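Try each task before you read its solution.

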Amino acid sequence: MKGVASSSTLDQLHQRLVVQESMDRRRRLKPSLLSGTDIIDEKGVRRVNFSGNDYLGVVADRLLDDLDDTSSTGPDHGATASSLVCGWSPLHETLADRIAEMEQTESAVVMPSGYAACSGAVATLAAEGDAILSDSLNHASLIDGCRLSAAQTVVVPHRDVNFADDFLNRHRGDYTSIWIVTDSVFSMDGTLAPLDDWIGVAQRHDAMLMVDEAHATGVLGKRGSGLCEATENRDSIPIRIGTLSKAIGCQGGFVAGPRVVIDNLIQSCRPLIFSTALSPALAEAACRIVDELPRMGTRRSRLASLARRVRDRLGLPAGSKLESGVPIVPVVMGSDASALRASEVLADAGYFAPAIRPPTVPEGAARVRVSISAAHGDDQVDGLIEVLASVLPQSHGVQG
């Protein structure tokens, strides 16, 4: 079995909680239900709610309607407040438990968005005196988390594990904790993080790995929990971030990991503390899909097959077998004008695939970013390939 989380870093996180407890400032999530203008706590005690932000009473009125509607399958309203005020319902609690089970971690917390989960986790956990090693092509939400953190950020060239290893060989003693932050699937390139190599770096230098599975959740792994599962690395990657808005098809984000990590986020993560919680209806919907993910293997197989078909037919770089099945297929055109023209040709033919230009991607690497769905028909994919083949730069070897 591969190494587990850095014990020294987890001890430091535990000490942060001890300090807050000693000051009587320890925060905890408490499930509650809204009913009209009342709030019902986890013990069933009903109180008039003066803590939410339902200023015009529209949520209260709708909830009263739901009480008389026996056909209602769940709440259809907003959470009215942040998770730590009264927005954390039993549905949120259940969703967090199911995510922890899916990720095989001790605990999880649900955030209003994937962006909040990424930026909040990085900014909260990495403290002054620490260093964050962040892949240069990480998602903006991770980058913003680095910027908001009091830690020093070191930008690592894309997937350049040797750069990170060399930096830590020279500077590990300068920092309290080291945080290695990376996407698992990079959103503009469809490439995979070298998790095995990152684990080696983390173990050699007593560092903590934090992986954003946004584009891998539901897509990779036998049970659909992401690249960490697909590469059998979950035991060695303590903190995993994901979104509910992509393969799961809902809204929101999550962080899963050791309980001490999640407790620190509940204690101090500003996007969690100062944002209205995810709506209970979305939490319920997301929970249903999370439960179904292990049984969606046929869809995952078809998705990977379609992605490989596009790459093969257009002569695009494929990488490993696992990477070739990633449903993000970048068709790099080079200039902005070429990418825009390709997108326009696709649009005229009845396909929507927008041009992606700097600064989202590097200068000279403008592209059409194709996202594949298991719901796409074979004829739709073949039609897309045919149109793309007509606009590709001559350097690509299109297959018949």
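Predicted model: local features only at pLDDT ≥ 70, side-chain atom pairs only at ≥ 80, totals over all residues.

Is C250 buried or exposed? Residues are numbered from 1 along each chain as its sequence is written, and side-chain values use heavy atoms, with hydrogens and water left out.

Solution. Start with the cut-offs: buried means under 20% relative accessible area, exposed over 50%, and partly exposed in between (1.4 Å probe, protein chains only). The relative accessibility of C250 is 18%, so C250 counts as buried.

**Exercise 1.** Find out how many disulfides the model has.

Solution. First, the rule: a disulfide is a pair of cysteine sulfur atoms within 2.5 Å. Next, take C228, which is buried at a relative accessible area of 0%. The closest cysteine sulfur to that of C228 belongs to C118 and lies 13 Å away, too far for a bond. Then take C250: the nearest cysteine sulfur is that of C287, 10.0 Å away, and C250 is in no disulfide. The count by this rule is zero disulfides.

**Exercise 2.** Describe the surroundings of H215.

Solution. Begin with the location: H215 sits in the loop between β8 (207-212) and α9 (227-230). Helices (H or I, at least four residues) and strands (E, at least two) are DSSP runs, numbered from the N terminus. Now check accessibility: with a relative accessible area of 18%, H215 is buried. Finally, list the contacts (heavy atoms within 4.5 Å). Apart from neighbours within four places in sequence, H215 touches V185, S187, K246, I328 and R369.

**Exercise 3.** Work out which strands pair with β10 and how β10 is covered.

Solution. Two strands pair if DSSP finds at least two bridges between them. Strand β4 (residues 107-111) is joined to β10 by five bridges in the antiparallel sense, and V109 has V255 as its bridge partner in β10. Strand β9 (residues 239-243) also runs antiparallel to β10, with four bridges; here G242 is partnered by F254.

For the faces, recall that side chains in a regular strand alternate between the two faces of the sheet. In β10, G253, V255 and G257 are buried on one side, and F254 and A256 on the other. Because five of the five residues of β10 (residues 253-257) are buried, the strand is largely enclosed by the rest of the structure.
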